[in-house]
Number of protein chains: 2
Amino acid sequence: MSTESFPAANAISECFEAQAGQVAALIMKYHASIEQRPVMSSAAPGDVFGALPQHAPETAEPFENVLRDVECIIIPALTHWQHPMFLGYFPANASTPAMLADLLCAGFGVQGMLWQTSPACTELEMRVLDWLAKLIGLPESFRFGAAGASSTGGGGVIQGTASETTLAAMVAARYAHGGTDHSHCVVYGSTQAHSSIEKSAKLCGIAQDNVRHVPTTENLAMNPAALQEMIAHDQSAGRVPIFVCATLGTTSTGAFDPIGTIGPIVTASNAWLHIDAAWAGSAFVCEEFRGSMRGIEHAASFNFNPHKWLLTNFDCSTFWVNGAARRKALIDAMSIAPEYLRNAATESGEVVDYRDWHAPLGRRFRALKLWFVLRMFGAAGLRAHIRSHVEMAQWLEAQVNADERMELVMPRSLALVCIAARAHRGNSANELTRAMHDWLREDGRLFLTHTVVPDGTPEGRYTLRVAIGTPSTRQFHIAKAWDLLCEALENVYSTSAG
Amino acid sequence: MSTESFPAANAISECFEAQAGQVAALIMKYHASIEQRPVMSSAAPGDVFGALPQHAPETAEPFENVLRDVECIIIPALTHWQHPMFLGYFPANASTPAMLADLLCAGFGVQGMLWQTSPACTELEMRVLDWLAKLIGLPESFRFGAAGASSTGGGGVIQGTASETTLAAMVAARYAHGGTDHSHCVVYGSTQAHSSIEKSAKLCGIAQDNVRHVPTTENLAMNPAALQEMIAHDQSAGRVPIFVCATLGTTSTGAFDPIGTIGPIVTASNAWLHIDAAWAGSAFVCEEFRGSMRGIEHAASFNFNPHKWLLTNFDCSTFWVNGAARRKALIDAMSIAPEYLRNAATESGEVVDYRDWHAPLGRRFRALKLWFVLRMFGAAGLRAHIRSHVEMAQWLEAQVNADERMELVMPRSLALVCIAARAHRGNSANELTRAMHDWLREDGRLFLTHTVVPDGTPEGRYTLRVAIGTPSTRQFHIAKAWDLLCEALENVYSTSAG
């Protein structure tokens with residue numbers, strides 16, 4: 001097997017089962033030993049690029065050579081997102097059920113741009129999106145329901161990233177307003193909303209001057225009164241509010257915009273209310289974490305990423321529209337029907353063609369992984385997964401609250417804990433917190449990312465985000481993370497004292 | 001194992017190796033038996049949706065149950081893109097090296113939005129994109145080259161689909177022209193260009209009135225004189241030509257726009273010339289198929305899909321920019337830098353952060369599959385793969401030319417053969433060709449899609465596209481396809497005679 005070369009079109013090698021076994025073994029070995037590695041790669045810019053040959057090989061190389069380079073060149077230059085001490089950004093969950101489904105997806109090699117190009121690819125997606133909508137408590141109007149494609153409900157779709165769903169929602173919103181001159185269209189998100197709003201505006205040609213950053217209240221949630229005022233001001237100036245993004249669980253600190261209050265304001269303005277719950281949406285599988293969903297009936301569209309915190313490998317960003325009219329607006333904004341894609345099923349109107357639900361035409365069979373995850377963990381398993389991380393965050397919150405040297409910059413949000421040092425002996429809180437972060441980066445055992453929380457100063461508050469949610473993280477890892485935070489601070493104290 | 005239920009965060013099951021073995025075996029069985037199935041699923045709308053439970057399971061289900069449903073519910077409702085008689089659309093190649101890499105990608109579960117979030121994920125992509133650029137004959141200015149991230153060359157990136165790269169190129173083009181009022185921006189493609197130009201224009205807010213469909217010459221390639229005239233007319237009316245998409249290998253008939261002539265016209269107009277070689281680009285690994293690349297130095301960006309015809313599983317759409325100035329234009333159009341993504345590596349300017357090269361923020365480690373494919377087939381293997389399909393198409397072309405009942409509607413293009421019946425005993429060519437298509441669909445042994453070729457009539461010429469490129473297709477399958485085309489026509493003759 002080691003000297004095998006593939007003849008022209010021998011795409012399905014007889015060695016595949018054995019090779020898949022080798023890859024599966026490597027994956028198990030990787031996860032079993034992940035804790036022995038520093039979380040973040042120590043590779044310098046250019047290391048991997050320079051280690052790889054300058055040209056593709058002329059003739060086929062044996063699989064073993066490739067696998068050897070995976071171990072020698074690739075793995076050492078990974079940042080280990082599945083490491084239990086990876087508490088940076090937001091998590092990107094991976095699980096073996098999702099891996100198995102991804103393998104199956106690759107194995108089938110079908111492409112689901114139209115219903116006709118693989119009915120199962122479309123209809124499994126419709127069904128699991130209905131399952132998931134129900135599981136997180138979205139109202140019935142977001143689901144296809146028993147009527148399937150002919151539903152008066154909206155229905156859901158899998159996209160690649162939350163950024164892409166924001167773009168899709170914004171384009172649908174703009175289309176719903178008609179016209180070709182978009183220079184008067186205005187979009188709104190809080191000052192804490194995700195950068196994808198600005199990026200979507202750039203992509204879809206809405207001037208940066210017409211992207212509103214709505215001020216927040218002290219908990220960093222959008223201030224509804226400020227939104228109302230901005231909308232009124234824009235309207236009186238002849239501009240058209242088309243799109244408001246409310247965030248449930250902001251990237252920076254996990255703040256929740258009050259959609260119950262925002263909803264009626266947006267509805268009155270005739271704009272499209274999009275809910276970005278990219279991270280927090282996974283937690284809504286637990287009823288006790290759904291308080292922020294009050295007012296969801298005002299939303300035109302809703303997004304969250306099972307690839308963040310619901311055990312489903314990247315990419316899996318789920319997006320729903322509320323009711324058939326919103327579904328129509330989305331499809332009208334996206335659909336183009338060239339002759340070479342025409343077919344009887346599409347023209348019957350009895351099917352969903354997902355190519356009209358997003359920017360890409362082609363699409364992978366991503367529903368498989370969501371289906372495998374939902375079945376192999378079960379709703380109860382997913383809830384336990386979420387709750388375990390929230391409990392760890394509660395424990396960490398208690399440690400910080402009991403320690404005079406540090407403080408919570410913002411209240412804990414689900415499993416996100418925002419921590420900073422307090423000022424100490426002439427060193428400012430920001431100096432100390434930055435130095436802690438530098439120490440932790442140098443140390444390598446714990447990976448955190450930071451944010452800057454507005455505090456009325458020009459500089460803001462430098463804050464360490466502890467984002468719990470990697471599946472391998474256990475309570476003792478969080479205890480270790482807390483020890484490392486304390487160790488970092490002690491070291492910073494002694495350095496700044498010296 | 002069969003009764004295993006996953007406790008909360010046990011994302012990496014000890015049964016994974018065994019389960020991966022079962023999936024690999026299922027994939028091998030699927031491919032081994034694929035030829036016994038009709039190419040297209042006979043599922044009716046709602047069949048799969050209705051066969052699935054209405055709710056997600058409350059508790060974990062054993063893997064075996066899921067796998068059983070894959071066999072009973074999913075597989076019968078697939079359209080088999082890897083079936084040797086799948087000659088519709090364009091192919092979507094799958095191969096076991098790419099499957100292994102996709103499994104590994106899922107296994108690592110890393111997310112490559114920034115260089116820092118996994119250096120290997122970024123730098124392997126930079127390197128294999130350089131490999132591939134060289135392999136298809138793109139000039140050096142499209143590659144990173146030895147200088148890597150600091151290159152004066154452009155460099156490449158993997159995106160999901162050609163549609164997304166068209167959008168990225170159009171947004172970069174618009175950004176390069178500055179300003180916030182885009183109502184005067186005009187984009188151009190031939191009447192035969194892909195629908196993604198129109199869709200991208202819709203997405204990025206360019207009025208449909210400002211999307212020009214440039215007439216073609218008799219071979220359905222863009223007419224450069226007509227382009228020049230349209231550009232001049234738009235300019236004299238105060239509009240701004242920002243983007244021209246030239247297609248190498250159109251979706252409908254595989255026509256090649258003459259970029260050697262178009263290039264200087266676009267350059268003179270200061271617009272961005274994007275090359276869409278989504279399908280044909282794979283063939284450029286063979287020097288003898290590169291004639292249409294003459295003039296490529298005028299291009300600002302270039303795209304093709306290894307997931308179509310280069311043995312790399314969907315999704316893998318490769319996109320290059322020509323020179324550092326175009327790279328800067330793309331990045332300037334796409335980048336947004338919130339605090340929570342700031343890091344030292346990015347700020348050093350010594351690394352590439354691919355999130356700024358496209359709409360999505362998060363990204364999978366897709367470079368792995370391109371790397372596995374390039375190494376495990378080798379350049380020679382990929383060339384043989386392409387040549388084998390072109391040879392099959394030449395054989396089919398010869399059969400059609402030797403048969404008085406049918407004709408080539410357009411000259412064969414690489415491995416795409418466009419065939420129609422000739423008029424016969426009072427039945428028009430279109431009636432007969434449509435009826436042949438209906439017969440083939442009913443029969444189920446051969447899957448073709450159609451197009452309508454402009455022929456001066458309002459109706460146009462109904463044409464069957466035989467798109468050879470599925471890896472399992474061998475010469476005898478094409479012989480069988482030819483027999484089926486003849487059988488279809490005989491049946492149509494006898495029916496219309498009766």
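**Between the chains**

Mentor: In this predicted model, the rule finds 6 salt bridges across the interface of chain B and chain A.

Trainee: Which residue does B:Arg375 meet in a salt bridge?

Mentor: The partner of B:Arg375 is A:Glu61; their side chains form a salt bridge at 2.9 Å, N to O.

Trainee: How many residues does the contact take from chain B and from chain A?

Mentor: Chain B gives 155 residues to the contact, and chain A gives 155 residues.

Trainee: And how much area do chain B and chain A bury between them?

Mentor: About 13,800 Å² is buried between chain B and chain A, with 67% of it on carbon and sulfur atoms. In chain B, the residues that lose the most area to chain A are B:Phe49, B:Tyr340 and B:Arg375, together 7% of what that side buries.

Trainee: Let us turn to the helices. At what angle do the axes of α5 and α13 of chain B cross?

Mentor: The axes of helix α5 (residues 119–135) and helix α13 (residues 367–401) of chain B cross at roughly 25 degrees and come within 10 Å. Because angles under 35 degrees count as roughly parallel, α5(B) is roughly parallel to α13(B).

Trainee: Is the crossing left-handed or right-handed?

Mentor: The crossing of α5(B) past α13(B) is left-handed.

Trainee: Which residues meet there?

Mentor: Among them, α5(B) brings B:Leu124, B:Glu125 and B:Trp131, while α13(B) brings residues including B:Trp371, B:Arg375 and B:Arg383. By class, this contact of α5(B) with α13(B) has 13 nonpolar, no polar and 3 charged residues.

How values were computed: Residues are numbered from 1 along each chain as its sequence is written. Chains are lettered from A and ligands numbered from 1 in the order in which they are written. This is a predicted model: local features need pLDDT of at least 70, side-chain atom pairs count only at pLDDT 80 or more; totals for chains, interfaces and linings use all residues. Side-chain values use heavy atoms; hydrogens and water are left out. Axes are lines fitted to C-alpha atoms, for helices over the stretch in contact, and angles run from 0 to 180 degrees between N-to-C directions. Helices (H or I, at least four residues) and strands (E, at least two) are DSSP runs, numbered from the N terminus. Angles under 35 degrees count as roughly parallel, over 145 as roughly antiparallel, 65 to 115 as roughly perpendicular and the rest as oblique. A crossing is left-handed if the near helix is turned anticlockwise from the far one by less than a right angle, and right-handed if clockwise. Contact means heavy atoms within 4.5 Å. Ala, Val, Leu, Ile, Met, Phe, Trp, Tyr, Cys and Pro count as nonpolar, Asp, Glu, Lys and Arg as charged, and the others, Gly among them, as polar. Buried area is the accessible area (1.4 Å probe) that two parts lose on being put together, summed over both. A salt bridge is a side-chain nitrogen of Lys or Arg within 4 Å of a carboxyl oxygen of Asp or Glu.
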